[in-house]
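Subject: Structure handover

Dear colleague,

I am passing on the structure below, followed by some notes on what was found in it. Please read the notes alongside the coordinates.

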Amino acid sequence: MRRNKHLPLTETVYYILLALLEPAHGYLIMQKVEELSNGEVRLAAGTLYGAIQNLLKLKFIRPVESDDSRRKVYAITEEGKEILRLDFERMKHMIKVMEENGDKAEVSI
Amino acid sequence: MRKFRFYIDLEKEEKWLNEMAMQGWELTGKSLQYEFRKMTSKETVVKIDYRHFKTKDDFEEYITLFRDSGWAHIAGTKTAGKQYFKKINRGGDTDIFSDVPSKAARYKRLSDVCLWAAISCMVFFIPLITTKAINSAVLLNPKLLYFTPGLWEKTGAAFWQAFLFETPFAVMRGAGWFFFPIMIILYVVFVLKAQKLYRRTRDGSLF
């Protein structure tokens with residue numbers, strides 16, 4: 001089976017898609033990503049704006065109706081959910097093989 | 001105060017603007033020139049993004065996102081490309097980019113725009129040559145821009161006097177013919193420079 005060419009997702013994209021399971025505007029995405037990643041991933045404005053434009057182009061997210069015209073609201077699409085699921089499966093497999101070989105790598109499971 | 005400068009290297013431009021800020025000159029606008037205003041506070045961080053926008057709404061959304069996260073838009077228009085931001089939140093982010101690929105990507109956009117400009121100039125220039133509206137021989141032999149009879153056979157002072165007298169006229173005649181080739185060369189140089197900066201930023205970590 002050929003792997004989807006958008007895999008693996010970057011950590012940034014993974015968290016943005018996760019944040020957009022519920023509709024949110026730009027600044028809210030930043031806050032959600034920071035929260036979801038336990039403060040590990042802090043997106044700066046220019047980086048987030050570029051990521052949003054890119055995800056819109058890939059149709060992984062879409063704009064949704066909002067009252068505030070200056071703050072557009074986005075939500076994940078079916079394609080976005082699918083890629084998120086595929087990346088999750090990929091990482092789940094990586095964790096599974098790590099667990100099987102954990103004793104060799106001296107990692108406590 | 002107004003100053004004229006030209007930068008492709010956005011890091012160098014940021015460095016210069018931040019040095020101006022240290023001396024108390026705050027950037028307030030940019031058209032062909034940079035416009036500065038004297039200010040009392042010297043604590044500013046200026047950062048530059050490179051983007052064009054299709055609609056006014058897109059542009060406003062972009063500015064609002066930056067403002068929400070502590071960066072005030074101080075110069076740049078919807079179609080200007082370079083967008084200048086000033087840090088307004090003391091505790092906030094120190095840069096407008098949080099990863100290397102997005103910091104590098106602005107040079108990719110800059111390079112693409114210059115490439116389009118170069119191609120557009122060629123699109124205008126080629127019909128001018130093929131329809132003979134421009135005498136392409138002049139490009140290879142600028143001597144043809146001088147009309148003084150027997151000029152090139154003259155020697156010594158007589159030559160220099162006639163040559164220098166006609167040069168301003170020759171330059172004016174040539175301006176139209178050389179305009180497009182010069183623009184094409186300039187834009188190609190900008191493309192190469194922006195691509196070099198793109199690769200350098202992408203491959204070498206600047207953080």
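From the N terminus on, the elements of chain B follow the order β-α-β-β-β-α-β-β-α-α-α, which gives five helices and six strands, where helices (H or I, at least four residues) and strands (E, at least two) are DSSP runs numbered from the N terminus. This is a predicted model, in which local features need pLDDT of at least 70 and side-chain atom pairs count only at pLDDT 80 or more, while totals for chains, interfaces and linings use all residues. Residues are numbered from 1 along each chain as its sequence is written, chains are lettered from A and ligands numbered from 1 in the order in which they are written, and side-chain values use heavy atoms, with hydrogens and water left out.

The C-alpha trace of chain B spans about 75 × 40 × 35 Å along its principal axes. Its radius of gyration is 23 Å, whereas a compact globule of 207 residues would have one near 17 Å (taken over C-alpha atoms; the globule rule is 2.2 Å times the number of residues to the power 0.38). Of the 207 residues of chain B, 42% count as buried (under 20% relative accessible area, with exposed over 50% and partly exposed in between, using a 1.4 Å probe and protein chains only).

Turning to the interface, chain B and chain A each bring 18 residues to the contact (heavy atoms within 4.5 Å). The area buried between them is about 1800 Å², of which carbon and sulfur atoms give 52% (accessible area, 1.4 Å probe, that two parts lose on being put together, summed over both). In chain B, the residues that lose the most area to chain A are Glu61(B), Leu65(B) and Asp68(B), together 33% of what that side buries.

Four salt bridges are found across this interface (a side-chain nitrogen of Lys or Arg within 4 Å of a carboxyl oxygen of Asp or Glu), and one salt bridge joins the side chains of Glu61(B) and Lys72(A) at 3.8 Å, N to O. Helix α2 (residues 56-68) of chain B gives the most to the side that touches chain A, with eight residues.

In chain A, the peptide bond from Leu7(A) to Pro8(A) is cis, with omega near -10°, and Pro8(A) lies in the segment before α1 (11-19). Asn38(A), in the loop between α2 (26-36) and α3 (45-57) of chain A, has a positive phi of about 55° although it is not a glycine.

Best regards
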